[in-house]
Amino acid sequence: MSRTETSRDSAHDQWQGAFDKAGVRDASFETVSSAPVAPLLTAADVAATDPVADIGLPGQFPYTRGPYPSMYRTKLWTMRQFAGFGNAHDTNERYKFLLGKGQDGLSVAFDLPTLMGYDSDHPRCEGEVGRCGVAIASLKDMEALFDGIKLSDVTTSMTINSSAAIVWAMYLVTAQKQGCRLDQLGGTTQNDILKEYIAQKEYIFPPQPSMRLVVDTMEFGAKHVPRWHPISVSGYHIREAGSTAVQELAFTLADGFAYVEAAIERGLLVDDFAPRLSFFFNSHVDFFEEIAKFRAARRIYARRMRDRYGAKNPRSMQLRFHTQTAGCSLTAQQPLNNIVRTTWEALAGVLGGTQSLHTNSMDETLALPTETAVKVALRTQQLIGYESGVANTIDPLAGSYFVEDATNRMEQGALDIFARIDELGGVIPALEKGWFQREIGKAAYKFQREMEAGRQIIVGVNKFVDTEDEQPMDLLRISMETEHQQVRELAELRRTRSAGKAEAALERIRADARSSVNLMPAFMQAADAYATLGEMVDVLRAEFGTYREPAVF
Amino acid sequence: MDTPIRVLVAKPGLDGLDRGAKVVAAALRDAGMEVIYGGLHQTPEAIAEMAIQEDVDAVGLSVLSGAHMHLFPRVVNLLTKAGAGHMLVTGGGIISAEDMTELTKLGVGRLFGPGATLKELVEYIRAEVGRRRAAARSV
């Protein structure tokens with residue numbers, strides 16, 4: 001042993017002795033995911049971490065430090081606030097407001113009927129139209145949504161899954177009718193059906209035909225809409241459903257690899273589609289745990305894409321992701337505190353190297369956000385980007401003993417979970433058995449009990465509770481009139497469109513669904529003929545069947 | 001001795017966000033109640049039918065889509081029509097204080113929003129079902 005090592009060891013022993021003598025405050029010293037956190041890390045904890053092979057440089061394999069060589073020195077992340085409510089006209093106004101305030105890209109929230117493939121006038125949709133997002137039943141609504149917004153000039157993210165292929169077809173036709181070419185269009189469809197079965201539960205068809213629809217969009221996009229990201233593999237909802245950070249990481253990447261395998265099985269070449277895959281993560285309250293998660297995600301993905309799937313193009317190995325701050329971390333009590341929580345969650349996303357970011361509004365536990373709350377949320381990102389200075393240097397936390405060790409732990413934790421999923425036969429068999437759902441349910445219940453026992457502190461909820469009455473906040477309200485108007489407009493559409501054209505297009509969808517051809521051209525033809533979303537999905541429901549999950553808790 | 005309290009936990013409407021419903025189901029089970037988990041995407045009609053078939057004391061509904069003003073009263077009305085007006089209909093979700101007051105007037109029990117604790121919820125169901133059982137015995 002060298003002299004420096006000996007003196008380092010004795011210094012460490014001395015510190016340990018002093019630490020043990022200094023009292024301990026009453027706290028759990030765990031992350032929000034219940035992972036224990038050491039009081040101190042040193043060089044010894046990361047001695048096995050190779051500065052080149054494990055950490056490397058930004059834009060270089062394994063991309064731990066970022067997918068691009070220059071990161072925010074070239075361009076800050078895209079500030080993209082998710083919005084949508086009421087009918088297409090209401091949301092179109094909100095988009096114009098956000099673009100006017102300096103937002104870069106659009107992000108569409110659809111209402112539940114649209115997400116579930118029902119028309120606004122379906123009996124199951126009573127009371128749901130335009131509540132959680134905008135109602136889009138046909139091409140006519142899509143045209144109104146982007147009225148006055150040239151689709152070749154913006155990028156659009158659409159949060160839609162089980163009905164994604166059809167809604168994307170409506171978007172593509174809207175763009176064509178505006179005079180745009182498909183190869184000019186940039187944006188993302190979430191289109192991540194696996195996490196629907198696992199966490200968000202807005203599925204329609206069984207897993208196999210759903211996977212076919214996803215691969216159809218990947219194939220169509222690779223050929224005709226090369227700037228589009230056909231899937232945003234999402235951990236956000238898995239986390240919101242109650243998973244831990246490492247579960248979010250592992251389940252999401254496992255889903256991503258399942259899409260890669262499905263596309264390869266279709267005969268696509270990995271380097272033809274993988275450069276357009278993107279990811280979507282949650283940024284929760286535990287600051288360093290989140291940063292470690294983002295950095296580990298890039299490293300795991302790069303290694304697997306190269307070593308298991310034979311990717312050669314560096315872009316196929318670079319994990320790019322969108323981040324949203326954690327809705328489930330917000331509290332109804334003392335809602336102004338939510339601005340502060342959101343700020344450091346957003347900061348974690350930025351220090352983790354996100355490509356785009358949504359910051360939640362302070363009032364989202366109560367209702368859809370008001371314009372004031374949305375503006376503060378967007379300003380939060382602008383403050384981080386333009387005032388804090390954190391975007392001046394790339395991956396500033398690299399080399400921190402704590403952050404590198406946490407990154408290693410995240411990676412190892414995810415690999416352990418992949419092994420468990422493999423034992424269960426892969427992602428689809430595991431979700432059909434309800435495994436992911438049970439794991440998430442257990443974690444959510446554990447968190448709730450720890451919170452109620454005071455082991456997880458939430459300011460304003462189980463500590464520093466205000467006894468005086470809270471100031472009521474102004475809330476955005478959606479009136480039933482929105483629904484009535486939407487239903488009237490849909491009736492008008494059915495009366496005025498060419499019934500023959502719409503029927504012929506629906507028949508083509510039926511025929512194509514029975515064969516194995518790509519369904520995207522049939523969806524576009526039907527969108528163009530003003531066939532409605534519900535009509536198209538009904539054809540597929542008849543052909544593919546519907547899914548019911550094993551109800552476990 | 002009283003038989004264990006039977007509760008149906010279900011999600012009416014179209015949203016699939018079942019974290020709350022599942023956490024509540026687990027907490028009621030751990031509190032000694034018999035829990036029937038009705039699952040997702042149920043119509044009010046299907047929920048009322050399940051409640052009657054299972055002969056439950058209480059129905060816990062979770063709605064996060066904003067359609068609560070439509071869905072909660074419908075379940076209450078269906079139960080009343082079927083002669084099961086004694087069943088407690090309670091639940092939670094993203095529901096404003098104003099809407100909660102309105103729903104109480106329509107015969108819905110207490111509703112629990114974000115920040116409510118499992119303890120409160122268990123105590124409420126125990127007390128309310130106890131009160132209703134006692135009232136049924138005294139007539």
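A residue counts as buried here if 20 or more other C-beta atoms, placed from the backbone, lie within 10 Å of its own. Strands are DSSP runs of at least two residues and helices (H or I) of at least four, numbered from the N terminus.

This is a predicted model, in which local features need pLDDT of at least 70 and side-chain atom pairs count only at pLDDT 80 or more, while totals for chains, interfaces and linings use all residues. Residues are numbered from 1 along each chain as its sequence is written, and chains are lettered from A in the order in which they are written.

Let's start with strand E8 of chain A, residues 321-325: five of its five residues are buried. Phe321(A), Thr323(A) and Thr325(A) sit on one side, with His322(A) and Gln324(A) on the other, so both faces are covered.

| Partner of E8(A) | Sense | Bridges |
|---|---|---|
| E7(A), residues 278-283 | parallel | five bridges |
| E9(A), residues 356-358 | parallel | three bridges |

Ser283(A) stands opposite Thr325(A), and Thr323(A) stands opposite Leu357(A) in E9(A). To get from E8(A) to E9(A), the chain goes through helix H14(A), residues 337-351, in a right-handed β-α-β crossover (clockwise from the first strand over the helix to the second, with the strands pointing away from the viewer).

Now for the contact between chains A and B, where residues touch if their C-beta atoms, placed from the backbone, lie within 7 Å. Chain A gives 30 residues and chain B gives 29 residues. On the chain A side, H18(A) (435-452) is one of the elements giving two or more residues, and its five residues are the largest share.

Note on methods:
Buried ≥ 20, exposed ≤ 12 C-beta atoms within 10 Å, placed from the backbone. Pairing = 2+ DSSP bridges. Contact = placed C-beta atoms within 7 Å.
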